[in-house]
Amino acid sequence: MNSVRRINEDYCYVGASERSPRLFENLFPVPRGVSYNSYLLRDEKTVLFDTVDRAVGDAFFENLSAALGGRKLDYAVVSHMEPDHAATLAELVLRYPGVKLVCNAKSANMIRQFFDFDFDPLLVAEGEELSVGEHTLKFIMAPMVHWPEVMFTFDERDGILFSADAFGAFGALEGSIFADELDIASEWQDDYLRYYSNIVGKYGAQVQAALKKTAGLDIRMICPLHGPVWRGELTRLLEKHDRWSKWEPETDDVLIVYSTVYGNTERAVAQAAAYLAERGRRVRTINICTTDRSYTVAEMFRAKNILLATTTYNNGIYPAMEYLLDDIAALTLRDRRVGIIENGTWAPAAAKLISAKLDTMKNIEVAGVLTVKSALKPEQEAQLQELCDALIS
Ligand SMILES: Cc1cc2nc3c(=O)[nH]c(=O)nc-3n(C[C@H](O)[C@H](O)[C@H](O)COP(=O)(O)O)c2cc1C
Ligand SMILES: [Fe+2]
Ligand SMILES: [Fe+2]
(Lines give C-alpha, C1' and ligand atoms only; values in the text may rest on other atoms or scores of the structure.)
(Ligands and ions follow the chains in the order given, each with its own letter.)
Protein backbone atom coordinates (compact mmCIF):
# COMPACT_ATOMS: atom_id res chain seq x y z
CA MET A 1 0.00 0.00 0.00
CA ASN A 2 1.10 3.54 -0.59
CA SER A 3 -0.40 7.01 -0.49
CA VAL A 4 1.00 8.39 -3.73
CA ARG A 5 -1.16 11.00 -5.46
CA ARG A 6 -0.85 12.27 -8.95
CA ILE A 7 -0.12 16.00 -9.27
CA ASN A 8 -0.31 16.06 -13.06
CA GLU A 9 0.84 13.90 -15.95
CA ASP A 10 4.48 13.70 -14.88
CA TYR A 11 4.52 14.68 -11.24
CA CYS A 12 3.25 12.88 -8.17
CA TYR A 13 3.09 13.48 -4.45
CA VAL A 14 5.15 11.07 -2.39
CA GLY A 15 5.10 12.93 0.95
CA ALA A 16 3.47 11.80 4.17
CA SER A 17 1.79 13.24 7.25
CA GLU A 18 2.20 12.91 10.93
CA ARG A 19 -1.29 12.85 12.37
CA SER A 20 -0.81 12.38 16.09
CA PRO A 21 -0.35 15.63 17.91
CA ARG A 22 3.24 16.51 18.73
CA LEU A 23 5.29 19.66 18.92
CA PHE A 24 6.58 20.89 15.56
CA GLU A 25 10.21 22.02 16.02
CA ASN A 26 9.72 20.74 19.60
CA LEU A 27 7.90 24.01 20.14
CA PHE A 28 4.60 24.39 18.34
CA PRO A 29 1.48 22.33 19.03
CA VAL A 30 0.02 20.83 15.86
CA PRO A 31 -3.32 19.34 16.92
CA ARG A 32 -4.24 18.83 13.25
CA GLY A 33 -0.90 17.20 12.53
CA VAL A 34 1.59 18.28 9.89
CA SER A 35 2.53 17.11 6.42
CA TYR A 36 6.03 16.71 5.02
CA ASN A 37 5.59 17.09 1.30
CA SER A 38 7.80 15.50 -1.29
CA TYR A 39 7.31 15.32 -5.04
CA LEU A 40 8.59 13.06 -7.79
CA LEU A 41 8.98 13.97 -11.47
CA ARG A 42 9.12 11.12 -13.97
CA ASP A 43 10.63 12.42 -17.17
CA GLU A 44 13.56 10.97 -19.13
CA LYS A 45 15.24 11.40 -15.78
CA THR A 46 13.53 10.98 -12.43
CA VAL A 47 13.76 13.87 -9.98
CA LEU A 48 12.79 13.94 -6.32
CA PHE A 49 11.98 17.28 -4.70
CA ASP A 50 13.05 17.01 -1.06
CA THR A 51 12.87 14.16 1.39
CA VAL A 52 10.87 14.15 4.64
CA ASP A 53 11.08 14.20 8.42
CA ARG A 54 12.35 11.04 10.09
CA ALA A 55 8.90 10.55 11.69
CA VAL A 56 7.31 9.70 8.33
CA GLY A 57 10.31 8.07 6.66
CA ASP A 58 8.73 4.63 6.28
CA ALA A 59 5.65 5.93 4.48
CA PHE A 60 7.76 8.18 2.29
CA PHE A 61 10.16 5.45 1.13
CA GLU A 62 7.19 3.18 0.40
CA ASN A 63 5.62 5.96 -1.68
CA LEU A 64 8.83 6.74 -3.47
CA SER A 65 9.47 3.14 -4.38
CA ALA A 66 5.90 2.73 -5.67
CA ALA A 67 6.07 5.96 -7.68
CA LEU A 68 9.39 5.04 -9.24
CA GLY A 69 7.91 1.70 -10.29
CA GLY A 70 11.31 0.09 -10.64
CA ARG A 71 13.02 3.05 -12.29
CA LYS A 72 16.19 4.41 -10.79
CA LEU A 73 16.27 7.75 -9.04
CA ASP A 74 18.47 10.16 -10.99
CA TYR A 75 18.25 13.44 -9.07
CA ALA A 76 17.16 14.70 -5.65
CA VAL A 77 16.74 18.45 -5.30
CA VAL A 78 17.44 19.75 -1.79
CA SER A 79 15.55 23.01 -1.18
CA HIS A 80 17.13 23.54 2.23
CA MET A 81 18.72 21.44 4.90
CA GLU A 82 16.27 21.73 7.75
CA PRO A 83 15.85 18.21 9.13
CA ASP A 84 12.03 18.24 8.99
CA HIS A 85 12.74 17.55 5.29
CA ALA A 86 16.36 16.51 5.07
CA ALA A 87 16.66 14.07 7.97
CA THR A 88 16.04 11.14 5.61
CA LEU A 89 18.55 12.30 3.01
CA ALA A 90 21.25 9.89 4.22
CA GLU A 91 18.85 6.98 3.96
CA LEU A 92 17.84 8.13 0.47
CA VAL A 93 21.46 8.02 -0.64
CA LEU A 94 21.85 4.55 0.89
CA ARG A 95 18.74 3.22 -0.85
CA TYR A 96 19.43 4.96 -4.17
CA PRO A 97 23.24 5.09 -4.41
CA GLY A 98 23.22 6.49 -7.95
CA VAL A 99 21.20 9.56 -7.03
CA LYS A 100 22.74 12.93 -7.80
CA LEU A 101 21.99 15.55 -5.16
CA VAL A 102 21.09 18.92 -6.66
CA CYS A 103 21.63 21.84 -4.34
CA ASN A 104 23.40 25.14 -3.89
CA ALA A 105 26.85 25.44 -2.33
CA LYS A 106 25.52 26.49 1.07
CA SER A 107 23.27 23.44 1.26
CA ALA A 108 26.17 21.19 0.24
CA ASN A 109 28.14 22.48 3.22
CA MET A 110 25.22 21.87 5.52
CA ILE A 111 24.81 18.33 4.18
CA ARG A 112 28.44 17.76 5.24
CA GLN A 113 27.67 19.25 8.66
CA PHE A 114 24.69 16.98 9.26
CA PHE A 115 25.96 13.80 7.60
CA ASP A 116 29.12 11.80 6.94
CA PHE A 117 28.32 10.19 3.58
CA ASP A 118 30.42 11.01 0.53
CA PHE A 119 28.66 12.76 -2.30
CA ASP A 120 29.43 14.71 -5.41
CA PRO A 121 26.56 17.19 -5.75
CA LEU A 122 25.38 19.01 -8.83
CA LEU A 123 25.84 22.53 -7.53
CA VAL A 124 23.38 25.07 -8.87
CA ALA A 125 23.20 28.84 -8.49
CA GLU A 126 20.66 31.58 -9.11
CA GLY A 127 18.90 31.25 -12.44
CA GLU A 128 20.67 28.06 -13.52
CA GLU A 129 18.70 25.39 -15.29
CA LEU A 130 18.70 21.62 -15.44
CA SER A 131 17.05 19.82 -18.33
CA VAL A 132 15.73 16.38 -17.44
CA GLY A 133 13.89 15.54 -20.65
CA GLU A 134 10.75 17.42 -21.53
CA HIS A 135 11.01 19.42 -18.33
CA THR A 136 13.57 22.06 -17.52
CA LEU A 137 14.06 23.03 -13.91
CA LYS A 138 15.12 26.56 -13.02
CA PHE A 139 16.63 27.30 -9.63
CA ILE A 140 15.70 30.46 -7.77
CA MET A 141 17.40 31.42 -4.53
CA ALA A 142 15.14 32.53 -1.67
CA PRO A 143 17.64 33.22 1.09
CA MET A 144 16.25 33.39 4.64
CA VAL A 145 12.79 32.16 3.73
CA HIS A 146 13.45 30.92 6.40
CA TRP A 147 16.94 29.36 6.31
CA PRO A 148 19.92 31.02 4.62
CA GLU A 149 20.30 28.46 1.82
CA VAL A 150 16.64 28.14 0.76
CA MET A 151 16.13 27.53 -2.94
CA PHE A 152 12.92 27.39 -4.96
CA THR A 153 12.66 25.37 -8.17
CA PHE A 154 10.46 26.36 -11.11
CA ASP A 155 9.24 24.04 -13.83
CA GLU A 156 8.50 26.39 -16.71
CA ARG A 157 6.61 23.90 -18.87
CA ASP A 158 4.05 23.03 -16.20
CA GLY A 159 4.26 26.36 -14.33
CA ILE A 160 5.01 24.63 -11.03
CA LEU A 161 6.81 26.47 -8.27
CA PHE A 162 8.42 24.28 -5.62
CA SER A 163 8.44 26.85 -2.87
CA ALA A 164 10.24 25.09 0.02
CA ASP A 165 8.69 26.24 3.32
CA ALA A 166 7.08 29.33 1.78
CA PHE A 167 3.27 29.13 1.34
CA GLY A 168 3.12 26.26 3.84
CA ALA A 169 0.67 25.42 6.60
CA PHE A 170 0.33 23.17 9.61
CA GLY A 171 -2.18 20.33 9.28
CA ALA A 172 -1.95 16.77 8.03
CA LEU A 173 -2.94 15.94 4.47
CA GLU A 174 -5.22 12.95 4.38
CA GLY A 175 -5.68 11.92 0.78
CA SER A 176 -6.91 15.31 -0.34
CA ILE A 177 -3.75 17.26 -1.02
CA PHE A 178 -5.01 20.09 -3.23
CA ALA A 179 -6.30 23.33 -1.70
CA ASP A 180 -9.34 23.11 -3.98
CA GLU A 181 -10.20 19.73 -2.46
CA LEU A 182 -10.13 21.16 1.06
CA ASP A 183 -12.05 23.63 3.17
CA ILE A 184 -9.33 26.25 3.30
CA ALA A 185 -11.48 29.17 4.49
CA SER A 186 -12.73 27.55 7.66
CA GLU A 187 -10.53 24.56 8.42
CA TRP A 188 -7.09 25.67 7.25
CA GLN A 189 -7.06 29.44 7.55
CA ASP A 190 -5.82 29.63 11.14
CA ASP A 191 -3.10 27.05 10.54
CA TYR A 192 -1.81 29.03 7.56
CA LEU A 193 -1.42 32.17 9.63
CA ARG A 194 -0.06 30.33 12.67
CA TYR A 195 2.52 28.61 10.46
CA TYR A 196 3.44 31.82 8.64
CA SER A 197 3.66 34.08 11.70
CA ASN A 198 5.63 31.70 13.90
CA ILE A 199 7.87 29.97 11.36
CA VAL A 200 8.45 32.58 8.66
CA GLY A 201 7.12 35.76 10.33
CA LYS A 202 10.48 37.27 11.16
CA TYR A 203 11.54 37.19 7.51
CA GLY A 204 8.88 39.39 5.93
CA ALA A 205 11.45 41.37 3.95
CA GLN A 206 12.92 38.18 2.49
CA VAL A 207 9.44 36.86 1.65
CA GLN A 208 8.74 40.15 -0.12
CA ALA A 209 11.98 39.76 -2.09
CA ALA A 210 11.01 36.20 -3.05
CA LEU A 211 7.51 37.33 -4.08
CA LYS A 212 9.01 40.00 -6.32
CA LYS A 213 11.47 37.55 -7.84
CA THR A 214 8.73 35.06 -8.71
CA ALA A 215 6.15 37.67 -9.78
CA GLY A 216 7.27 37.50 -13.41
CA LEU A 217 6.88 33.73 -13.64
CA ASP A 218 3.81 32.09 -15.10
CA ILE A 219 3.03 30.12 -11.93
CA ARG A 220 0.10 27.75 -12.29
CA MET A 221 0.78 25.54 -9.32
CA ILE A 222 2.56 25.96 -5.98
CA CYS A 223 4.01 22.91 -4.27
CA PRO A 224 5.16 23.80 -0.75
CA LEU A 225 6.81 21.48 1.75
CA HIS A 226 3.97 21.60 4.28
CA GLY A 227 0.24 21.75 3.70
CA PRO A 228 -1.89 21.81 0.56
CA VAL A 229 -0.77 22.07 -3.05
CA TRP A 230 -2.30 25.05 -4.85
CA ARG A 231 -3.34 24.89 -8.49
CA GLY A 232 -5.35 27.22 -10.71
CA GLU A 233 -6.47 30.18 -8.62
CA LEU A 234 -3.43 31.31 -6.64
CA THR A 235 -4.37 34.94 -5.97
CA ARG A 236 -5.77 34.31 -2.50
CA LEU A 237 -2.67 32.48 -1.32
CA LEU A 238 -0.29 35.04 -2.80
CA GLU A 239 -2.26 38.03 -1.51
CA LYS A 240 -2.34 36.65 2.03
CA HIS A 241 1.40 36.13 2.05
CA ASP A 242 2.01 39.53 0.54
CA ARG A 243 -0.02 41.12 3.33
CA TRP A 244 1.44 39.06 6.17
CA SER A 245 5.00 39.63 4.99
CA LYS A 246 4.39 43.36 5.21
CA TRP A 247 3.07 42.84 8.77
CA GLU A 248 -0.23 44.31 7.55
CA PRO A 249 -3.12 43.51 9.89
CA GLU A 250 -6.17 41.76 8.49
CA THR A 251 -8.75 43.32 10.72
CA ASP A 252 -9.42 46.34 12.92
CA ASP A 253 -11.26 44.16 15.43
CA VAL A 254 -9.76 44.47 18.89
CA LEU A 255 -7.59 41.70 20.27
CA ILE A 256 -7.34 41.52 24.04
CA VAL A 257 -4.40 39.52 25.32
CA TYR A 258 -4.24 39.10 29.07
CA SER A 259 -2.81 37.18 31.97
CA THR A 260 -4.21 36.89 35.44
CA VAL A 261 -3.25 35.06 38.59
CA TYR A 262 -6.40 35.42 40.69
CA GLY A 263 -8.97 36.76 38.26
CA ASN A 264 -8.95 40.50 39.00
CA THR A 265 -7.18 41.49 35.79
CA GLU A 266 -9.52 39.17 33.95
CA ARG A 267 -12.53 41.04 35.34
CA ALA A 268 -11.11 44.37 34.20
CA VAL A 269 -10.56 42.84 30.75
CA ALA A 270 -14.15 41.60 30.63
CA GLN A 271 -15.34 45.15 31.29
CA ALA A 272 -13.12 46.51 28.54
CA ALA A 273 -14.40 43.84 26.15
CA ALA A 274 -18.03 44.65 26.94
CA TYR A 275 -17.41 48.37 26.43
CA LEU A 276 -15.63 47.81 23.11
CA ALA A 277 -18.44 45.55 21.93
CA GLU A 278 -20.97 48.22 22.93
CA ARG A 279 -18.96 50.60 20.77
CA GLY A 280 -19.55 48.26 17.85
CA ARG A 281 -16.15 46.58 17.75
CA ARG A 282 -15.70 42.86 17.46
CA VAL A 283 -13.48 41.67 20.28
CA ARG A 284 -11.38 38.55 20.55
CA THR A 285 -9.97 37.77 24.00
CA ILE A 286 -7.11 35.42 24.73
CA ASN A 287 -5.99 34.28 28.17
CA ILE A 288 -2.30 33.66 27.55
CA CYS A 289 -1.96 31.62 30.73
CA THR A 290 -4.01 28.86 29.12
CA THR A 291 -3.26 29.36 25.42
CA ASP A 292 -0.11 28.29 23.62
CA ARG A 293 1.88 31.33 22.58
CA SER A 294 1.91 30.41 18.89
CA TYR A 295 -1.89 30.99 18.68
CA THR A 296 -1.58 34.41 20.30
CA VAL A 297 1.29 35.35 17.99
CA ALA A 298 -0.91 34.51 14.99
CA GLU A 299 -3.77 36.63 16.33
CA MET A 300 -1.37 39.52 16.90
CA PHE A 301 -0.34 39.30 13.24
CA ARG A 302 -4.06 39.44 12.38
CA ALA A 303 -5.16 42.36 14.58
CA LYS A 304 -4.38 46.05 14.28
CA ASN A 305 -5.56 47.07 17.76
CA ILE A 306 -4.29 45.12 20.73
CA LEU A 307 -5.07 45.56 24.42
CA LEU A 308 -2.43 43.97 26.65
CA ALA A 309 -3.41 43.36 30.26
CA THR A 310 -1.17 41.77 32.80
CA THR A 311 -0.22 41.55 36.43
CA THR A 312 3.05 42.72 37.87
CA TYR A 313 4.95 39.67 39.05
CA ASN A 314 7.97 39.88 41.37
CA ASN A 315 8.63 43.40 40.14
CA GLY A 316 8.51 42.15 36.55
CA ILE A 317 5.99 41.30 33.86
CA TYR A 318 3.97 38.13 34.43
CA PRO A 319 6.08 35.42 32.69
CA ALA A 320 3.61 34.34 29.99
CA MET A 321 3.22 37.97 28.91
CA GLU A 322 6.95 38.59 28.99
CA TYR A 323 7.64 35.53 26.79
CA LEU A 324 4.92 36.60 24.37
CA LEU A 325 6.36 40.10 24.05
CA ASP A 326 9.86 38.72 23.51
CA ASP A 327 8.43 36.45 20.81
CA ILE A 328 6.63 39.16 18.87
CA ALA A 329 9.66 41.44 19.19
CA ALA A 330 11.84 38.68 17.74
CA LEU A 331 9.32 38.20 14.91
CA THR A 332 9.60 41.98 14.38
CA LEU A 333 5.84 42.58 14.49
CA ARG A 334 5.22 46.23 13.69
CA ASP A 335 2.64 48.89 12.88
CA ARG A 336 0.23 48.10 15.68
CA ARG A 337 -1.74 50.20 18.15
CA VAL A 338 -1.51 48.93 21.71
CA GLY A 339 -3.30 49.75 24.97
CA ILE A 340 -1.91 48.54 28.29
CA ILE A 341 -3.64 47.57 31.51
CA GLU A 342 -1.24 46.76 34.32
CA ASN A 343 -2.18 45.33 37.67
CA GLY A 344 -0.06 45.52 40.79
CA THR A 345 -0.91 45.34 44.45
CA TRP A 346 2.05 47.16 45.98
CA ALA A 347 4.30 48.48 43.19
CA PRO A 348 2.78 48.15 39.71
CA ALA A 349 5.64 47.97 37.22
CA ALA A 350 4.39 45.94 34.26
CA ALA A 351 3.30 48.86 32.07
CA LYS A 352 6.68 50.56 32.15
CA LEU A 353 8.47 47.33 31.38
CA ILE A 354 6.03 46.47 28.56
CA SER A 355 6.42 49.95 27.07
CA ALA A 356 10.20 49.55 27.12
CA LYS A 357 9.89 46.29 25.15
CA LEU A 358 7.43 47.85 22.69
CA ASP A 359 9.85 50.76 22.24
CA THR A 360 12.38 48.37 20.73
CA MET A 361 9.84 47.46 18.02
CA LYS A 362 8.94 49.31 14.86
CA ASN A 363 6.00 51.69 14.85
CA ILE A 364 4.08 50.42 17.86
CA GLU A 365 1.85 53.21 19.09
CA VAL A 366 0.91 53.03 22.76
CA ALA A 367 -2.60 54.45 22.89
CA GLY A 368 -2.83 54.59 26.67
CA VAL A 369 -2.07 52.93 29.99
CA LEU A 370 -4.37 52.09 32.87
CA THR A 371 -3.04 51.05 36.25
CA VAL A 372 -5.19 48.79 38.40
CA LYS A 373 -4.23 48.34 42.01
CA SER A 374 -5.41 44.81 42.75
CA ALA A 375 -8.93 45.26 41.38
CA LEU A 376 -10.56 47.77 39.04
CA LYS A 377 -12.56 50.33 41.04
CA PRO A 378 -15.91 51.77 39.88
CA GLU A 379 -14.34 55.25 39.80
CA GLN A 380 -11.82 53.96 37.21
CA GLU A 381 -14.53 53.09 34.71
CA ALA A 382 -14.12 56.39 32.85
CA GLN A 383 -10.38 55.79 32.59
CA LEU A 384 -10.96 52.30 31.21
CA GLN A 385 -13.40 53.68 28.64
CA GLU A 386 -10.91 56.38 27.68
CA LEU A 387 -8.24 53.75 27.11
CA CYS A 388 -10.62 51.69 24.97
CA ASP A 389 -11.66 54.78 22.98
CA ALA A 390 -8.03 55.68 22.34
CA LEU A 391 -7.40 52.15 21.11
CA ILE A 392 -10.16 52.30 18.51
CA SER A 393 -10.20 55.97 17.60
C1 LIG B 1 3.72 35.58 42.93
C2 LIG B 1 3.19 36.99 42.79
C3 LIG B 1 4.07 38.03 42.67
C4 LIG B 1 3.62 39.34 42.58
N5 LIG B 1 4.51 40.36 42.48
C6 LIG B 1 4.07 41.64 42.50
C7 LIG B 1 4.97 42.74 42.44
O8 LIG B 1 6.19 42.58 42.38
N9 LIG B 1 4.49 44.00 42.48
C10 LIG B 1 3.14 44.23 42.58
O11 LIG B 1 2.71 45.40 42.63
N12 LIG B 1 2.23 43.22 42.59
C13 LIG B 1 2.68 41.93 42.57
N14 LIG B 1 1.78 40.91 42.61
C15 LIG B 1 0.34 41.22 42.60
C16 LIG B 1 -0.25 41.11 41.19
O17 LIG B 1 0.41 41.95 40.28
C18 LIG B 1 -1.75 41.44 41.08
O19 LIG B 1 -1.98 42.67 41.62
C20 LIG B 1 -2.65 40.45 41.76
O21 LIG B 1 -2.27 39.14 41.47
C22 LIG B 1 -4.12 40.67 41.37
O23 LIG B 1 -4.35 40.48 39.98
P24 LIG B 1 -5.00 39.13 39.43
O25 LIG B 1 -6.18 38.80 40.28
O26 LIG B 1 -5.37 39.45 38.02
O27 LIG B 1 -3.95 38.08 39.54
C28 LIG B 1 2.23 39.59 42.65
C29 LIG B 1 1.34 38.52 42.73
C30 LIG B 1 1.81 37.23 42.80
C31 LIG B 1 0.79 36.12 42.89
FE1 LIG C 1 12.34 24.88 6.93
FE1 LIG D 1 9.71 22.75 6.91
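Some housekeeping before we go on. This is a predicted model, where local features need pLDDT of at least 70 and side-chain atom pairs count only at pLDDT 80 or more, while totals for chains, interfaces and linings use all residues. Residues are numbered from 1 along each chain as its sequence is written, chains are lettered from A and ligands numbered from 1 in the order in which they are written, and side-chain values use heavy atoms, with hydrogens and water left out.

Now, which backbone atoms does ligand 1 meet? A backbone N or O atom of Asn315 sits 2.5 Å from a ligand oxygen. On its own ligand 1 has 620 Å² of accessible area, and the protein covers 89% of that (Shrake-Rupley method, 1.4 Å probe).

On to the pockets. A pocket is an open set of points on a 1 Å grid over the protein atoms alone, where a 1.4 Å probe fits, with protein on both sides within 12 Å along at least five of seven lines; lining residues have an atom within 4 Å of a point. Volume is the space filled by probe spheres set on the points, which are joined across faces, edges and corners.

The largest pocket holds about 340 Å³. Its lining has 18 residues, with Thr311, Thr312, Gly344, Thr345 and Trp346 closest to the centre. Helix H8 (264-278) and strand E20 (303-313) each give two or more of them, and E20 gives the most, with 3. Helices and strands are DSSP runs numbered from the N terminus: H or I with at least four residues, E with at least two.

What is the volume of the second largest pocket? About 290 Å³. Of its 14 lining residues, Leu27, Phe28, Asn198, Asp327 and Leu331 lie nearest the centre. Helices H5 (184-200), H9 (293-302) and H10 (319-330) each supply at least two lining residues. Domain 1 (5-244) and domain 2 (253-392) each contribute at least three, with bounds from an automatic or database assignment.

Val145 and His146 are joined by a cis peptide bond, omega about 5°, and His146 is in the loop between strands E13 (136-141) and E14 (151-155). Asp50, not a glycine, has a positive phi of about 70°. Thanks, everyone!

Key:
A polar contact is a pair of N or O atoms within 3.5 Å; within protein, one must be able to donate a hydrogen and the other to accept it, and residues adjacent in sequence count only if both atoms are side-chain atoms.
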